[in-house]
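Hello,

Here is the structure we talked about. Please open it alongside these notes; what I found follows below.

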2 protein chains.
Amino acid sequence: MQSYRQALLLSSSNCHGFSMLEFAKQEICSVLEKNNVKKLLFIPYAQNDYNKYTAKIKEVIDLWGFEVSGIHTYKNAEKAISDSKAIFIGGGNTFLLLKRLYEHNLVELIRKRVYDGDLLYIGSSAGTNAATKSIHTTNDMPITYPPTFDAIKIVPFNINPHYIEMESETHKGETRDQRISEYLEQECASPVLGLREGSILKVDNNTLLIKGVAGAVLFEKGAKKTEFAVDSDVSFLLKTQ
Amino acid sequence: MQSYRQALLLSSSNCHGFSMLEFAKQEICSVLEKNNVKKLLFIPYAQNDYNKYTAKIKEVIDLWGFEVSGIHTYKNAEKAISDSKAIFIGGGNTFLLLKRLYEHNLVELIRKRVYDGDLLYIGSSAGTNAATKSIHTTNDMPITYPPTFDAIKIVPFNINPHYIEMESETHKGETRDQRISEYLEQECASPVLGLREGSILKVDNNTLLIKGVAGAVLFEKGAKKTEFAVDSDVSFLLKTQ
């Protein structure tokens with residue numbers, strides 16, 4: 001097993017022009033193989049129908065040669081995490097996901113096992129938000145109230161998944177950039193990495209790379225946003241205070 | 001002054017094709033005049049630059065013959081509310097707004113004065129969300145953590161302001177309808193009234209009317225969504241448990 005922190009944070013499971021997870025297949029397979037992982041524990045907490053959601057992911061990933069099982073099929077969720085070498089936290093609603101992770105006492109446990117190098121973390125959309133400092137920059141609707149917005153903190157900054165510049169040309173709702181800049185006005189705000197659809201943030205101990213088929217955009221307090229193309233090294237972000 | 005609950009809940013301050021608040025001018029003027037209100041207390045808490053935001057609103061509404069002042073210019077916010085006959089809570093970020101309303105101890109006070117018929121409530125966007133049962137169906141980013149998502153409860157259901165069907169045709173993020181249906185899957189979910197841009201919900205004691213230049217869409221558990229055109233009576237929603 002790996003001896004240091006490893007994670008793949010996907011902007012989303014779906015990307016225009018690809019079947020589900022297809023854009024991330026190479027990265028996912030390669031990190032699982034490198035670590036001799038055969039079994040992947042899927043965490044479907046961001047959605048309500050755990051069986052259906054797990055089956056959908058299993059249908060894709062089992063074909064790649066790995067065995068997916070849902071955490072809800074184990075009697076004890078904490079033990080299931082402790083016994084796993086790799087997890088995949090799927091997308092859906094970030095508030096629901098974070099609330100359930102706290103209810104099952106998994107936040108600290110996942111953090112510790114990932115930092116100890118005993119657990120490989122794969123997240124998508126809400127599962128990516130949950131891996132960051134806090135869920136302050138999710139796009140999701142606050143359908144339920146979690147005990148805190150603090151998250152697993154595998155990376156010390158925020159991510160905005162499904163990042164896109166404009167949401168509509170005539171609609172007067174705020175643009176994504178406006179929403180992110182409202183966050184940056186907050187006193188304790190961290191930098192925000194907007195992952196475009198198809199983008200993957202690869203955490204390999206102290207190295208952070210942009211992978212996948214689309215780049216990322218960095219938002220920082222008092223600075224213009226910065227574009228990072230696929231294969232960019234953004235390791236400096238790990239030094240975020 | 002009115003002897004019963006009165007409110008105007010605007011989807012937003014801006015509506016495509018109109019200058020700021022212009023689409024709501026008639027409704028706002030008419031309810032202020034009917035109640036002999038000359039002064040309007042503006043609450044800019046949903047944004048960070050209180051002076052700038054208040055000046056922007058004042059520039060529009062003062063020209064209509066009313067005197068706008070910002071709550072932040074008073075020493076005591078609670079006293080400012082108690083001394084007012086009408087408030088206008090502007091848009092911005094709903095989480096920021098609700099957190100500040102709680103910090104200033106205004107939630108219960110506003111609720112009581114509105115239900116007693118002593119205070120006319122005008123809200124726009126975030127200010128409309130704050131008037132409902134809870135902020136669970138805001139579109140805003142959770143940039144700060146309020147002590148609860150429960151809101152002022154002038155109406156016993158939820159509102160989704162700036163309601164729009166599709167946000168993009170190629171982007172794989174969730175649509176507004178999907179987000180709202182995720183909320184409706186929650187156990188304690190209330191009905192959600194989506195106010196299209198330009199729509200106004202007029203609360204006149206036990207009567208609820210759709211006003212403005214665009215209609216509304218009602219989402220309920222296990223039911224298809226229902227369209228309500230301008231001038232529809234949706235008073236039945238006040239009986240929501």
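**The sheet in chain A**

In this predicted model, chain A holds an open sheet of 7 strands with mixed pairing. The strand order is β3-β2-β4-β5-β1-β8-β9. Strands β3 (67-70) and β9 (207-212) of chain A are the edges, and each pairs on one side only. Neighbouring strands are turned by 20 degrees against each other on average, direction ignored.

Helix α1 (residues 25-34) of chain A packs on this sheet. It touches β1, β2 (39-43), β4 (86-89), β5, β8 (199-204) and β9 of chain A. The direction of α1 makes about 165 degrees with that of β1(A).

Look next at β1 (residues 6-10) and β5 (residues 120-124) of chain A. These two strands run parallel, joined by 5 bridges. Within that pair, Gln6(A) stands opposite Leu120(A) in β5(A).

**One residue in chain B**

Lys202(B) sits in strand β8 (residues 199-204) of chain B. Leaving out residues up to four places away in sequence, Lys202(B) touches Ala7(B), Leu8(B), Glu27(B), Thr207(B), Leu208(B), Leu209(B) and Lys211(B). Val31(B) is 171 residues from Lys202(B) in sequence, yet their C-alpha atoms are 9.8 Å apart in space.

**The two chains**

How is chain B laid on chain A? A turn of 180 degrees does it, with a shift of 0.0 Å along the axis and an RMSD of 0.0 Å. The two chains are therefore related by a two-fold axis. Both copies use the same surface: 100% of the contact residues of chain B recur in chain A.

Best wishes

Technical notes:
Residues are numbered from 1 along each chain as its sequence is written. Chains are lettered from A and ligands numbered from 1 in the order in which they are written. This is a predicted model: local features need pLDDT of at least 70, side-chain atom pairs count only at pLDDT 80 or more; totals for chains, interfaces and linings use all residues. Side-chain values use heavy atoms; hydrogens and water are left out. Helices (H or I, at least four residues) and strands (E, at least two) are DSSP runs, numbered from the N terminus. Contact means heavy atoms within 4.5 Å. Two strands pair if DSSP finds at least two bridges between them. Axes are lines fitted to C-alpha atoms, for helices over the stretch in contact, and angles run from 0 to 180 degrees between N-to-C directions. Copies are superposed by least squares on the C-alpha atoms of residues with pLDDT of at least 70 in both.
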